[in-house]
Amino acid sequence: MDQELQTRILSAVDDAFDDEIAFLSELTAHPSTRGQEQGAQDCMAGALNERGYEVDRWQIEVDKIRDLPGFSPVIGDYEDAVNVVGSHRSASRKGRSLILNGHIDVVPAGPLDMWDRPPFEPHVDDGWLYGRGAGDMKAGLVSNLFALDALRSLGLAPAADVFFQSVVEEECTGNGALACLERGYKADAALIPEPFEEKLVTAQLGVIWAQVHLKGLPTHVAYAGSGANAIEAAIPLITALHGLEERWNAPGCRHSEYGHAHHPINLIIGKIKGGDWASSVPAWCVFDMRIAIYPGQDIEAAKTEIVDTIMEAARSNAFLKNSLPEIVWHGFMAEGYALADDRSETATAAIGSLDAAHAAVNGSALDRMAITATTDARFFGLYADTPALVYGPRAEAIHGFNERVELESIRRITQSTALFIADWCGLETI
């Protein structure tokens, strides 16, 4: 790409940056937690329609995806789970096609009194935009959109098909991205601007969710010794699961991208509930767990280890050995994915294009990182033979309180994305 065109593209992003942040604020104001994404998807579909893209909006149908690789089991239905895809159809189709993917769903805000300001009333302070979902990952979604806008403002468009995806379910299953594959959206590469410090993600862990159901023996507190406390019975099971966590963290178990990581595999007991009355020995308890797995680690084998760990601990408990726990798999059943393992010519070319774009904007080389979380990149990399590049802005307090994303980082990501699209797809005049 010649220097003059590069400069014009960067300036076009600058010219629309105030509008970009205004739209990001509007999108962040929608509390798009699971099952409540409709308002945010209306906003996104409207923006795509205004720009003349071919808009596809559909409700996820579990029966169409449940037998596909990468499906994660769900509790409940998808009555309100709607994906939005805006398609740019190239007139020339001279270049390489691209998926610009991002998720619209956000995690719950948690106790509101722990936020300095309401989580869905976005505001800018000292160079940061605050709000739940601002960083994870509505800033990335908006940067994808405004990168395309920058090219359009110059009378240019990608010389290949580009599919802008705004998906649901990333935070708990990934089934929104899977539904896009089932719908037929395929491309030569995918770019996902998740908020990982303007670095290229070389590897991500997989994630397994499960619920563990325990039954106790209720009795009045006056006779507590004759009952069995289902809540307290969960404690040795959780302890045993942490033992499994430590075994998986042993250096000999690690994928090469995590060879120098201190503690890549994390177990979280994310939710626990049980009992019916403060003065009754609790008759039941349910806890929800999340544990990570490495790229290449067999998911069925990992599930078997989890079951064996729980059951071995239960059989060591005087009561539970006669009332074994029930394990329900729901939510994430996600494999790990390592872009670093993809030695294909396509992956090498895509990474090279992004390296060049980042260097043009920042004047420095694009750093790499292996993350201890998961993203929707796995669907493209593992199941669609599509290298998936995860590269997004700097954000802080993701999934915590006072979540925020750095404005100048959004600007740089938008500029880099615009240059990447121009190089990867090529350009044609509108």
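These are my notebook entries on a predicted protein model.

**Entry 1: the whole chain**

I began with the overall make-up. The protein has 11 helices and 19 strands. I then looked up its extent, and the C-alpha trace spans about 80 × 45 × 40 Å along its principal axes. For 430 residues, a compact globule would have a radius of gyration near 22 Å, and the protein has 23 Å, which agrees. Of those 430 residues, 56% count as buried. I also looked at contacts between residues at least 6 apart in sequence, and 83% of these join residues at least 24 apart.

**Entry 2: strand β8**

I picked strand β8, which covers residues 189-192. Which way do its side chains point? Ala-189 and Leu-191 point one way, while Ala-190 and Ile-192 point the other way.

Next I looked up the partners of β8. Strand β3, residues 98-103, pairs with β8 in the parallel sense over 3 bridges. In this pairing Leu-98 stands opposite Ala-189. Strand β16, residues 388-390, also runs parallel to β8, and 3 bridges join them. Here I found Leu-191 opposite Leu-389.

**Entry 3: a sheet of 3 strands**

I then turned to an open sheet with the order β14-β9-β15. Its pairing is mixed. The edge strands are β14 (337-338) and β15 (368-371), and each pairs on one side only. As a reminder to myself, strands of a sheet pair through backbone hydrogen bonds, either parallel or antiparallel. Which sense do β9 and β15 show? Strand β9, residues 200-204, pairs with β15 in the parallel sense over 4 bridges. Ala-203 of this strand stands opposite Ala-370 in β15.

**Entry 4: aromatic rings**

I searched the whole structure for aromatic pairs and got 8. One of them is Tyr-258 with Tyr-294, a tilted pair with 6.1 Å centre to centre and 55 degrees between the planes. Where do these two residues lie? Tyr-258 is in the loop between α7 (230-248) and β11 (267-274), and Tyr-294 is in the loop between β12 (284-293) and α8 (299-315), so the pair ties together parts that are 36 residues apart in sequence. I checked burial too, and both Tyr-258 and Tyr-294 are buried. Elsewhere, I noted that Trp-58, Phe-163 and Tyr-185 form one aromatic cluster.

**Entry 5: charges over rings**

I looked for charged side chains over rings and wrote down two cases. Arg-51 lies over the face of Phe-146, at 5.4 Å from the ring centre. The charged end of Arg-96 sits over the ring of Trp-424, 3.9 Å from its centre.

**Entry 6: cysteines**

How many disulfides are there? The count comes to 0. I took Cys-180 as a case to work through. A disulfide needs two cysteine sulfur atoms within 2.5 Å. The closest cysteine sulfur to that of Cys-180 is in Cys-172, 15 Å away, which is too far for a bond. Is Cys-180 buried or exposed? Its relative accessibility is 0%, so Cys-180 counts as buried. I also looked up Cys-285, which has a relative accessible area of 1% and is buried.

Technical notes: Residues numbered from 1 in each chain as written. Predicted model: local features only at pLDDT ≥ 70, side-chain atom pairs only at ≥ 80, totals over all residues. Heavy atoms only, no water. Buried < 20%, exposed > 50% of the residue type's maximum accessible area, 1.4 Å probe, protein only. Pairing = 2+ DSSP bridges. Phe/Tyr/Trp six-rings, centres within 6.5 Å; stacked < 30°, edge-to-face > 60°. Lys NZ or Arg CZ within 6 Å of the ring centre and 35° of its normal. Rg over C-alpha atoms; globule rule 2.2 N^0.38 Å. Contact = heavy atoms within 4.5 Å.
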